[in-house]
Amino acid sequence: MTRVCPTPKVTVPMTAPERSVRTGNRVEDLRAAFLDNLFYAVGRLPQVATCNDLYTALALTVRDRLLQREVRTLANYTEKDVRLVSYLSAEYLPGPHLGNALLNLGLTGPVTEALAAIGLDLDELLRQEEEPGLGNGGLGRLASCYLDSLATLEVPATGYGIRYEFGIFDQAIHDGWQVEVTDKWLHLGNPWELPRPEIAFEVGFGGHTEVHTDAQGRYRVTWVPDEVIKGIAYDTPIAGYRVGTCTRMRLWRAEAIESFDVAAFNHGDYYRAVEDKVTSENISKVLYPNDEAPQGRRLRLQQQAFLVSCSLQDMLRTHLRLGRPIEQFDRKFAVQLNDTHPALAVAELMRLLVDAHQLDWETAWEVTRQTFAYTNHTLLPEALETWPVAMLGELLPRHLEIIYEINRRFLDAVRAGHPGDEGLVQRLSIIGESGERHVRMAHLAVVGSHAVNGVARMHSELVRTRLLRDFADLWPERFLNVTNGVTPRRFVALANPGLTALISARIGADWLRDLEQLRALEPLADDLDFHREWRQVALGCKQRLAGIIAARLALAVDPESLFDVQVKRIHEYKRQHLNVLHILTLYRRLCANPGLEMPPRTFIFGGKAAPGYAMAKRIIKLIHATADRVNHDPIVAGRLRVVFLPDFNVTNAQPVYPAADLSEQISTAGKEASGTGNMKFALNGALTIGTLDGANVEIREAVGAENFFLFGLNADEVDARRADGYRPRDVVGQDRELEDVLEYIAAGALAGGDRELFRPLVQNLLEQDPFFVLADYRAYVAAQERVSALWQTPEAWTRASILTTARMGRFSSDRAIREYCEAIWHTAPVPVPLP
């Protein structure tokens, strides 16, 4: 148990001394602080310091200034007793910390100057940072955008997650195939985090429950777990943009209660001496263990229970430490469940309130329901998590009992309101009875939350009318929409400093805190001088990306060509293979008619496939096979280039978004919840070719239909085609060009004559085409022809690009967080004075 010492009789200084090496922001202070950290924290002389030593010293220098703000922020929150937002997410993709922290603190210039004075280059140290691989894709990046906005808007908040020792795999490409490489993001340490070993909580697994009656004659249950592990807090400060607030991301690391069994060691059983340590630490060892095997699913369930238990115990600790009654927990904390991964929090909070804090069930349930809100992020059935009852009962027996009781009371209320409608009861039940009995985590999250939101207007409508229709009919007031957003600080100011400077020179710099101010650019869409500046900035971004491609892939691309970019997770519904069919269509046209007029294009792909997703990996191989053929054929030299950028992550994304001319957002309508890559591209001036899916619908409305290349079936048309018995072979039989491209792939032309390599992919399209690739092919090709026509009119393209950026103000994560605060969390900003 942590010893409690008397509180020192001091106050947190809300102003810094006039001159402070530890916190000062003048060039001479920063230079002195850097050298102090190099000497006393890293323990190195400049003459022998490695690049990582120098980076670490700089990171610690910046962290000091972050911590100054964080301590003041926490003091402010304690003094004012505010409601705190707790964001529970299994994923975060914060990206590199150093550049973003310097930007938000306003220290990029002074630090650059301080380092230059001692012969160092900031850009070189920025390249040294290993980004935390704590997420899989859009879900984790959205969570990190929201932490940035929470801090910038000065909303009291903590982001809770898991400190995965090995994050999302690094992607290597061998002979065109994806190869997963362990992401050792911690191998050189992490100077941004602060271990908090005194903030530790026990989490149980397995065992059994015992029923008894307490002194007041009340029914009580005690859980006696077989296994208990410990979660240790690690804090990372998250600074707001040019404000005094600094919030935190608190990640949990799993440890054994006793990491070393001395008795076993003394008896020569060296493995058993450390067995508990190894087993316990597995829980926070790797992001998303492969859950194809039962052991992987079991570990994933343990991870989710570990995350929610540590986080809720931490909130309860804070609440009680402030002297608040346990019945008022929901007035102090608003907890957002970022998808279904943390949905176990509903059962865990009930366990803590009823079993540990002795609340009666009705009071505990009201507190729980008012505490939680749930964000749904997917319409794909396979992504809606379920857990076998048998597995959950074995690992978390008390939680299963609580879920059963929640479900019993809920279904009793449903039957009372809808007598005789057992079909409705079955559809609403938290326990699914089809096949192996299972717990439906989305249902648990909805029943245990006071608000449920989708992440784009179209997605929220589909959640209400299809995915969770019965719940929406039951509780229409709980369902609402909060369209996703992205932070303009990282994805414009940091990623595209040239565009940032150009915009700020014309409309001022406040737009980075109020993105709607970009509207002031609209009159400049007809200013030809501004056109030239805009195109010059865009060309500079493309030249930078071309240099990266040349350095990484030894491939020359023309920055003057149209950069046509699709970077995102590789999945059939995202339809990278539709993009490839178009590339091969252009290639086959040029082979048949080498004199054909066609604007030069560079097609750029990036993204990772899930390790167990064979078809997605085959799509990556198809992209590389297409690149190998197109890039080495002299017939198309200078007109077509195909590039796959390996290991797409936040670091590698930052030079890509500003360099795109065309943004590929071509998912099957009704499948993408929102998307945020579409927003990042458009903010940087890329035009979009896309379907009416996810946030594309709202982006098209915002930027103007004339500035968006729309194609394809809408969600209702997809459903109608499927209901009518969609036959993809009929589509192919009516389109000779499509038939030619598919025959070209099937004949092994891209595989050295091997007809088997891409047979599974081609057969899947011809026999099933579950994501309507072939149905949308002709419309997609026609839309691409409209792209080519506009590209050949530079003034018209530039005008559309300027208007696109000018009209993207709605898609800031700041706007999304304001909507969460007003409609769901019922909390307000608490400003902290700047040091």
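Student: How many residues of S17 are buried?
Tutor: Buried means under 20% relative accessible area, exposed means over 50%, and partly exposed lies in between, using a 1.4 Å probe and protein chains only. In S17, six of its six residues are buried, so the strand is mostly covered. Keep in mind that this is a predicted model, where local features need pLDDT of at least 70 and side-chain atom pairs count only at pLDDT 80 or more, while totals for chains, interfaces and linings use all residues. Residues are numbered from 1 along each chain as its sequence is written, and side-chain values use heavy atoms, with hydrogens and water left out.

Student: Which residues of S17 lie on one side and which on the other?
Tutor: Leu562, Asp564 and Gln566 sit on one side, and Phe563, Val565 and Val567 sit on the other. Both faces are covered.

Student: What are the labels S and H based on?
Tutor: Helices (H or I, at least four residues) and strands (E, at least two) are DSSP runs, numbered from the N terminus. Two strands pair if DSSP finds at least two bridges between them. Here, S17 and S18 run parallel and are joined by six bridges. Within S18, Phe603 is the bridge partner of Asp564.

Student: Which helix does the chain pass through from S17 to S18?
Tutor: The chain goes through helix H22 (residues 576–592), and this β-α-β crossover is right-handed. To judge that, point the strands away from you: the crossover is right-handed if the path from the first strand over the helix to the second runs clockwise.

Student: What is the strand order in the sheet?
Tutor: The order is S19-S18-S17-S20-S21-S22, six strands in an open sheet with parallel pairing. At the edges are S19 (640–645) and S22 (708–710), each of which pairs on one side only. On average, neighbouring strands are turned by 20° against each other, direction ignored.

Student: How many bridges pair S17 with S20?
Tutor: Two bridges, in the parallel sense, link S17 (residues 562–567) with S20 (residues 662–665). For Val565, the bridge partner in S20 is Ser663.

Student: Which strands does helix H26 touch?
Tutor: Contact means heavy atoms within 4.5 Å. Axes are lines fitted to C-alpha atoms, for helices over the stretch in contact, and angles run from 0 to 180 degrees between N-to-C directions. H26 (residues 696–703) packs on the sheet and touches S20, S21 (687–690) and S22, with its direction at about 135° to that of S22. Helix H31 (residues 773–791) also packs on the sheet, touching S17, S18 (601–606), S20, S21 and S22, and its direction makes about 155° with that of S22.

Student: How are two packed helices described?
Tutor: By the angle between their axes and the distance between the axes. Angles under 35 degrees count as roughly parallel, over 145 as roughly antiparallel, 65 to 115 as roughly perpendicular and the rest as oblique. H11 (residues 345–356) and H12 (residues 361–371) pack at about 140°, with axes 9 Å apart, and are therefore oblique to each other.

Student: In which hand does H11 pass H12?
Tutor: The crossing is right-handed. A crossing is left-handed if the near helix is turned anticlockwise from the far one by less than a right angle, and right-handed if clockwise. Among the residues in the contact are Leu349 and Leu353 of H11 and Trp361 and Trp365 of H12.

Student: At what angle do H23 and H30 pack?
Tutor: H23 (residues 614–631) and H30 (residues 759–767) pack at about 110°, with axes 9 Å apart, and are therefore roughly perpendicular. H23 passes H30 in a left-handed crossing. Met615, Arg618, Ile619 and Leu622 of H23 make the contact with Pro760, Leu761 and Asn764 of H30.

Student: Next, backbone angles. Where is Asp175 found?
Tutor: As background, most residues other than glycine have a negative phi. Asp175 lies in the loop between S3 (170–174) and S4 (177–181), and its phi is near 55°, a positive value. Asp175 counts as exposed, at 66% relative accessibility.

Student: What is the phi of Arg242?
Tutor: Arg242 has a positive phi of about 55° although it is not a glycine. This residue is in the loop between S8 (227–239) and S9 (246–256), and Arg242 is partly exposed, with a relative accessible area of 40%.
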